[in-house]
Amino acid sequence: MELILVVIIGLLYASGIYMMLRRSMVKLIIGLILLGNGANMLIFLLGRIVKGKPPIIDSTAKMLTEIYADPVPQALILTAIVISFGLQSFAIILVKRAYKITQTDDLDELNTTDEIYE
Amino acid sequence: MILAILSGFILAGCTPFISKFIKGKGSLLLPLLPFGLFVYFISYLKEIGEGQTFKFSYEWVPSYGINFGFHLDGLAMLFALLITGVGTLVFTYTTSYLKGHQYLDRFFGYLSMFMASMLGLVLSDNIITLFIFWELTSISSFFLIGFNNDDPKSRKSALLALSITGLGGLFLLAGMVLLGFVGGTYQFQELLSQSNLIQDHASYGWIVGLIFIGAFTKSAQFPFHFWLPGAMKAPTPVSTYLHSATMVKAGIYLLARFTPLLGGTPEWNTTLIIVGAITMVYAAVHSIFRIDMKGILAYSTISALGILVFLIGLGTEASLLAAGVFILVHALYKATLFLITGIVDHETGTRDVTVLSGLSKVLMPVAVAAGLAALSNAGAPPFFGFIGKDLIYEATLAYGNWAVVLTIAAIVTNVCLLFAGLLAGFKPFVGPLPSNYAALHLPHPTMWVPPLILAGLGLVFGLFPSLIEGVLVQPVFSSMVIEGAPVHIKLWHGFNLVLGLSLLTLTLGVVLYMILKPSSLLFSKTLKFEMIAPQTLFGIFGKFFNAFARFWTGLFQNGYLRNYVITILGFLTILLAYRLYQGVNLYIDTAQLTSLTIYEVTVAIMMIVAIIFTVFSRSRLVAVASLGVMGYSICLIFLFYSAPDLAMTQFSIDTLTVILFVLVIYNLPKYKNFSSKAVRLRDAVLSIFFGSLIAILTLEVLAEPLNRETSIFYAESAYLLAKGKNVVNVILVDFRGFDTMVEITVLVIAAIGVFSLLKLRLKSIEKE
Amino acid sequence: MIKTKFLSNLLLSLIWVAITGAFTVENFLFGFALSFFLLWVSATDRRDNKYFNRIPKLVSFVFFFLYELVKANVQVAYDVITPRHYMEPGIVKIPLDAESDLEITLLANLITLTPGTLSLDVSEDRKVLYVHAMYVKDKEAFIASIKNGFERKLLEITR
Amino acid sequence: MTEILVYILSTSGAIFILLAAVGIVKMPDLYLRISVTTKAATLGIGLILLSAAFYFNDNAISARVVAIIIFMLLTAPVGAHMIGRASYFTGVKMWKKSKVDDLKGQYDKKTHKLKSGEEDK
Amino acid sequence: MSISDYLYYIILPTLAISILIIFVRFLIGPKLSDRVVALDLLLTTGIGIIAVYSILSDQPAFLDIAMIMALIAFLGTVAFAYYLEKREKND
Amino acid sequence: MKTIIFKTASTYLLPLLVLFSVFILLRGHYLPGGGFVGGLIASIAFVIHSFANGLEQTKNLIKFHPGFLMPVGLCIALISGAAPLFIEQSFMTGLWFENPIPVIGMVGSALFFDAGVYLVVIGVTLTIIFTISETL
Amino acid sequence: MNNPYIVLPVIFQLFTSVLLMFFWYRVNAQRLITIICSIISVGIAIWLFKEVYQNGILTMQAGEWQAPFGITFVADLFSTTMVLLTAISGMAVGIFSTGSIRNARLKFGYFPILNFLLMGLHGAFLTGDIFNLYVWFEIIIIASFVLITIGGEKAQIEGAIKYVTMNLLASAIFLTAIAILYGLAGSLNMADLSIQVAEIENRGLVNVVAILFLVGFGIKSAIFPLYFWLPASYHTPPPAISAVFGGLLTKVGVYALLRIFTLIFIPDEFLGNLLVVLACMTILSGGLGAILQVNMRKIFSYLIVCHIGFMLAGLGIYTELAIMGAIFYLIHDIIVKTNLFLASGLIFKLKGTLNIEKLGGIYKKYPKFSLLIAIPLFSLAGIPPLSGFWAKVFLIEGGYKANEWMLIGFIILGSFLTLWVIAKLWAEVFWKDAVALPKKINVKYFHELKPFKRWAMVIPIILLAVTSLYIGLAAEHIILLSKQIAAELMNPSAYLDAVLGAKTETP
Ligand code: NA
Ligand code: NA
């Protein structure tokens with residue numbers, strides 16, 4: 001399964017970037033989301049994956065003894081997911097605002113702030 | 001000693017607060033400061049004459065070997081006296097020249113700042129401190145040149161001067177630091193003892209080169225000379241003080257000072273001779289075609305500076321002596337001429353020598369001063385200038401194989417300079433007085449007395465060279481030539497070749513004056529040569545540089561986000577690929593991989609297809625829905641691989657994201673395809689390449705063993721120490737609770753951001 | 001009103017106990033307190049319902065529903081697995097006797113849950129329920145079957 | 001006994017889900033797809049969940065399973081209603097062999113208010 | 001054949017295949033509504049898979065996820081419905 | 001959107017979901033769940049309610065601006081994190097009551113912290129979604 | 001040594017934000033709280049600095065979980081210096097904002113967000129945990145997103161799109177890097193990572209990860225060719241916001257680069273050379289950009305890029321001296337850049353524009369302001385002995401020592417371009433005759449402000465100017481400090497001992 005996950009991760013990164021390069025604000029956001037998911041999956045996979053053994057201590061036990069999934073990456077991803085949610089919500093709204101102001105989805109038209117003279 | 005230097009800065013710092021006082025009667029008190037300092041330095045004159053030197057050291061940055069170490073020897077003394085002496089006169093002169101000027105206070109502020117910096121420069125023993133003062137003179141000069149800041153030309157000149165001297169200064173800094181690095185200290189006196197080591201060092205060439213650039217820019221040597229004529233936009237006292245008597249000589253000072261340390265090598269001498277010679281001839285020739293008194297004086301100053309560089313470059317005892325004397329000679333007559341120019345300008349409103357004439361009839365004392373200065377400049381006996389010129393010819397004549405060439409160059413220069421001197425100091429005062437000048441009155445004595453004093457000194461020192469021979473010239477010489485023979489300067493050497501040359505010069509100059517009448521026509525003709533002048537080349541370079549800046553900035557900061565992203569990712573991809581290729585053996589550890597099951601394959605297929613669908617879908621909503629599918633697939637993957645908390649969170653957040661999108665997309669435009677096929681192909685290639693790199697990297701990392709110490713600790717102590725059984729949750733609220741704290745803060749900020757983005761509408765009438 | 005609230009409260013506390021899975025008095029009390037708070041928070045207009053009398057009818061209704069569910073499922077399943085479509089779909093307007101929000105909603109949802117039918121919407125004046133159905137051989141018969149089946153049985157419980 | 005129950009329940013659940021899956025692909029219009037899927041799937045999932053409840057044979061888990069089923073019974077038809085209704089607005093066509101459409105013309109295009117057609121009575 | 005074998009070799013594949021079939025509807029659409037319905041069904045089926053998986057890995061905790069899914073899955077559907085109506089209203 | 005069916009269902013879903021969210025919050029320390037997911041579920045409950053009944057109704061229901069929950073939640077989390085500082089222990093050091101409490105189990109600062117998280121998440125999600133809905 | 005209170009700068013900042021949020025619509029209360037709390041927070045920072053200066057490195061193991069298991073906060077000289085600078089800058093910006101930011105923005109959470117941003121900065125400097133650093137970075141970027149868009153004017157939004165995109169990209173890269181690092185080393189504690197990474201045999205992989213960190217932090221610190229977001233956006237929000245951005249935001253990236261590449265990834269030859277080349281190109285790009293601009297804040301923005309190059313140069317040379325130069329520059333730059341952006345805010349209030357072609361006559365009309373602003377301006381230009389000068393000396397000597405002649409050339413070029421731009425700016429804005437400007441209706445001019453607001457805008461500028469004068473004239477103190485910091489960075493054993501003390505003793 002790792003191999004397939006690796007492919008998926010690569011695909012997530014690739015598609016995220018491809019979408020970011022598409023000039024469209026909406027696609028940009030989607031690209032960022034894809035990229036974020038890619039990073040999360042990467043953390044997950046690189047923490048090494050274990051099937052069906054969540055890091056939850058049995059009601060009768062006092063510690064995890066057998067094989068169990070590494071809880072650290074999970075905690076990291078949880079944090080990362082939530083943070084990305086915050087950032088993504090903001091980005092989505094930003095795009096909405098930007099469209100309202102500029103009336104275009106075309107990022108190429110948002111270049112006045114880079115001009116030398118203004 | 002430090003007080004002597006600081007006093008100027010303190011005065012400068014005070015000016016904004018005592019501006020009323022300065023603008024009133026107080027201005028007359030200001031010259032007391034340079035005068036006091038002058039007297040202070042004079043008090044050391046005797047000991048200096050006896051060969052003593054004085055050291056003053058004040059800690060500043062001991063950890064980096066930088067201090068206010070001051071060293072008062074002959075050379076420093078000469079400059080200190082020039083600075084304070086000419087300073088006194090210039091300060092005095094200014095009180096009248098700029099009387100009632102709105103910003104007199106500022107002017108004095110800058111002037112005293114300059115004086116202090118200049119003093120610091122010549123007295124510093126620490127080469128970094130020296131550099132600091134050096135830069136301060138540049139910046140004071142900037143403010144002074146731009147003093148008439150309403151005038152765009154004035155601003156432009158100030159900027160030009162600062163550019164050239166500032167750039168030179170930076171090279172000088174590099175040179176100083178390199179010198180300090182090679183010599184292991186920043187103390188000049190300590191460096192002096194390591195002269196041989198430094199001269200043999202591989203970086204010697206760099207040191208010399210860098211210091212040269214600094215000196216040449218400051219002292220307006222060809223091809224950096226062109227800022228100086230522009231600097232004449234400054235009020236006359238400034239031209240007098242900075243741009244003829246003192247600041248421009250800082251470069252000379254530097255070269256003289258470093259001669260015993262770095263001099264005596266072909267690199268040093270040859271460069272200086274060539275640059276000096278070119279400058280002196282080039283500027284001298286230029287000066288004779290000018291019609292603006294200040295312009296004439298500016299070019300003749302450049303030429304004189306060239307002579308000095310040239311003399312230092314010759315490096316013989318004779319030439320160094322000549323240099324030492326000529327510094328003083330030039331300061332005296334050139335300052336006079338400038339001050340006079342100021343008076344003329346002040347009174348008549350013009351500096352055009354083609355218009356001016358006969359002024360001696362109304363401005364007699366001024367004319368006297370001018371005449372004296374012109375004669376000293378001409379090198380006519382018995383003026384101090386005569387001695388100076390003698391020494392120069394002596395030096396060139398003694399210079400081995402090249403003596404003839406060098407002497408001819410010196411003669412040409414001197415002839416032109418003589419002509420220039422006459423033009424500025426003689427021509428305006430003789431001949432008929434135009435009627436519109438008939439009513440002119442002699443200005444306040446504070447204006448005409450200073451030039452008279454300076455010019456007078458030129459005569460006095462000429463007549464009685466012994467006055468300064470022992471106390472000043474000898475120590476100056478000793479500073480440059482450590483083990484030189486005792487020097488003697490005198491007016492009369494008897495009839496010899498040198499005298500002949502002097503006379504020849506005099507004659508040729510006068511003849512030239514007879515033949516060549518200044519005219520604006522001629523002047524404008526000479527302007528044509530500026531096509532190939534350095535300033536034009538610099539201008540072209542500047543334009544080119546600007547165009548390059550435009551090109552470069554446009555290349556990167558082109559306004560297109562996609563280009564930015566592609567640059568960043570391209571950069572990352574190339575580096576990653578290179579590093580992977582360079583240091584990683586591709587290797588997959590299949591043994592550690594888990595097997596596949598049908599549900600995993602299903603989820604994987606669904607996910608992959610969903611991703612592709614998201615990317616290629618033509619409808620935003622379908623893309624969002626596919627994104628949802630993808631999210632849910634991830635959720636399942638989390639679940640399969642033992643992360644129920646993750647699965648829950650992913651699912652909830654995914655749903656919320658979909659809601660957000662759906663709510664927002666409703667007033668977003670429909671997808672459009674903005675890019676061409678080729679662009680899409682390029683982007684696809686880059687993306688896939690990058691994705692593959694990440695995938696490869698992941699595989700490689702998977703093959704490495706993982707240190708499980710942390711996770712084992714959590715597994716063992718989650719319940720026993722932290723009283724929780726869901727280890728992930730325990731990590732979130734306890735072991736790594738800080739992360740969570742921050743993370744909810746992120747959420748809060750995002751919410752506030754959304755709130756303000758959507759709700760806050762600044763009304764255009766509301767004031768900010 | 002008070003009674004209704006109390007009942008809802010009780011119901012919610014029971015659900016709490018069920019989902020937490022801890023059948024203890026403390027847990028029940030906790031759930032009761034919690035749901036009391038929630039009901040206070042979410043107090044909206046609700047009609048007075050008498051639960052106790054309805055329980056036997058409720059049970060029989062559940063079985064009726066399950067029967068309908070399975071029956072319809074089989075019917076639909078047959079249509080799905082066989083290649084030919086036997087259905088004659090359409091949107092049918094069913095006049096409502098049910099009046100309260102709860103009644104209407106329950107009815108509509110139950111109809112939807114039964115395969116082959118889908119409650120699309122209720123008219124603004126609550127007189128009519130529009131149902132999409134797969135088998136509308138006879139419109140009137142279909143309406144009658146709903147009204148006599150689900151609706152009647154449902155109303156028996158709720159009234 | 002529980003084992004057999006688990007077998008039966010899970011099998012029938014899976015079958016219903018499969019049916020729903022086939023149905024959603026095969027059915028000729030959206031309303032039919034909704035019709036077919038909502039219930040088949042709900043029933044199927046309910047059965048599978050029940051089998052899990054029997055398998056674990058633990059009060060807490062059974063309670064949870066019941067809760068899930070209740071949730072689904074509560075939400076699934078609402079979702080179906082919402083999307084069906086919205087689709088009707090947006091002009092999703094019914095299958096061409098459909099017999100009646102009482103809803104036609106009953107929606108106010110602007111306010112989305114639904115007439116009963118019996119306002120006068 | 002043990003229960004887990006049965007679930008593993010018969011039930012899960014059935015569900016997986018169902019998922020793929022449903023996914024086909026998601027892909028072919030043709031209308032957004034079709035996809036939304038497919039998405040909803042995917043989720044529902046997902047709940048089934050979770051339930052079976054929780055039996056297989058003997059982790060009743062996984063049922064909680066099923067519970068959450070059951071609760072909020074329809075929100076997506078509602079949101080899309082909301083959107084469709086809004087769009088209609090504004091067009 | 002304001003269909004009778006949805007409205008009625010949402011009226012029942014709201015308390016159910018909120019109840020469920022509290023449950024998820026409380027058991028987080030032992031089983032999957034916690035403040036986050038709990039908060040998300042609670043907010044989803046209100047979102048559903050707002051979809052069904054309109055924003056105004058939901059706002060009236062909550063009685064205060066959901067944004068207010070953000071500083072409150074942060075405050076709770078901050079206090080539970082910073083409390084140990086007063087006994088010269090590090091930030092976020094767990095402080096526990098001695099005896100377990102029924103249902104919840106051991107009560108300690110971690111629980112309060114999680115409760116803070118719960119409130120913040122509700123505040124955040126609702127602020128975002130409500131604001132968007134208002135300015136649609 | 002353990003000290004639970006080193007986390008106070010962070011906690012206090014959070015407390016301030018929460019407090020401010022409770023006064024959501026009461027702007028005057030917010031103003032008061034901001035002023036008081038920012039002063040207190042400087043006090044705390046000074047206290048912390050003093051503690052660390054006297055006692056050496058202090059640590060705080062959050063939740064009393066020993067490193068590497070919990071999140072460790074480490075207050076070494078570098079981080080506390082940064083905290084102190086942040087607090088000072090923050091105070092200046094906070095007080096300035098009470099005068100310059102209009103009420104509408106204040107009613108939408110300006111002050112809480114500003115304080116959250118400062119909290120993020122404090123946290124990023126103090127944390128000793130790489131993932132925690134990521135989290136702090138996220139606080140910083142989200143807070144900066146909000147600040148850059150607050151008010152939602154067209155330019156702000158346009159700039160923000162780029163700013164947001166590239167920062168999110170940076171975050172994604174950073175997160176990727178963390179993922180791989182964790183996958184390799186199994187730890188998140190930076191001190192522990194220092195040890196673990198050194199033990200990894202597959203150096204090739206380590207080098208690859210280093211690249212990810214380089215680019216991730218590189219985007220944040222605006223190095224070449226990753227700086228695009230900065231000139232596109234920094235000039236768009238109100239000046240007070242630009243000030244906190246210009247002064248602090250890129251610096252946190254530099255801080256991270258310095259930290260990571262001295263503690264975890266020791267640059268090999270390739271990376272060292274790469275850093276040098278990047279430093280050169282950064283200096284060049286920033287300098288070239290700056291000379292073209294006509295908007296004052298854009299000029300400063302490009303100069304930020306240019307000067308980041310100087311700091312990067314120090315890292316590239318990688319000797320104690322050069323790093324000391326970089327640190328000195330960092331210290332100077334934070335104060336001066338903050339001040340310049342604040343000054344541009346003042347100028348905007350005076351004139352209603354920041355276009356240097358339209359500005360003019362300020363020296364004539366406001367000589368005291370001009371002289372005040374001249375201090376940061378010429379400090380930035382590196383006029384000795386003002387603060388900008390010193391670092392150059394160290395960098396140049398560092399360059400000689402490492403034989404990096406090209407770099408020295410670029411440092412000279414960058415310094416020259418800076419000098420030139422500043423001189424031009426001075427000539428245009430201060431010297432040039434006033435150009436008649438139409439009165440803008442939406443600008444509340446300085447003279448229209450209440451005295452309190454006027455003072456609120458001027459005092460911070462004075463404060464920072466005095467600080468920068470101190471840095472330049474009392475360079476000895478700052479040099480000693482930078483030297484000590486550089487020594488600590490180049491020899492992290494004290495850091496490791498402080499964090500892992502117990503662990504390393506009992507292997
Ligand atoms: Na059929
Ligand atoms: Na039905």
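**The sodium site and the E–B interface**

Author: In this predicted model, the six donor atoms around the sodium ion (ligand 2) subtend angles of 61 to 165°, which makes the arrangement irregular.

Reader: What makes an atom a donor of the sodium ion (ligand 2), and which atoms are they?

Author: For Na the cut-off is 3.2 Å. The protein donors lie 1.6 to 3.2 Å from the ion: Ile111(C) (O), Thr112(C) (O), Thr114(C) (N and O) and Thr117(C) (O and OG1). Along the chain they follow the spacing I-T-x1-T-x2-T.

Reader: Now to the interface. What is the area buried between chain E and chain B, and what share of it comes from carbon and sulfur atoms?

Author: About 3100 Å² is buried, and carbon and sulfur atoms give 88% of that. Tyr53(E), Ile65(E) and Tyr83(E) supply 18% of the area that chain E buries against chain B, more than any other three residues.

Reader: Which elements of chain E give two or more residues to the side that touches chain B?

Author: They are helices H1 (3-28), H2 (32-56) and H3 (62-90) of chain E. H3(E) gives the largest share, 16 residues. By class, that side has 27 nonpolar, two polar and four charged residues.

Reader: How many salt bridges are there between chain E and chain B?

Author: The count is zero, while one residue pair is in polar contact across the interface.

Methods:
Residues numbered from 1 in each chain as written. Chains lettered and ligands numbered in written order. Predicted model: local features only at pLDDT ≥ 70, side-chain atom pairs only at ≥ 80, totals over all residues. Heavy atoms only, no water. Buried area = accessible area lost by both parts, 1.4 Å probe. Salt bridge = Lys/Arg side-chain N within 4 Å of Asp/Glu carboxyl O. Polar contact = N/O pair within 3.5 Å; in protein donor to acceptor, adjacent residues only side chain to side chain. Helix = DSSP H or I, 4+ residues; strand = E, 2+ residues; numbered from the N terminus. Nonpolar A, V, L, I, M, F, W, Y, C, P; charged D, E, K, R; others polar. Donors = N, O, S within 2.8 Å, 3.2 Å for Na, K, Ca; no water. Tetrahedral: all angles 85-135°; square planar, octahedral: opposite > 155°, others 65-115°.
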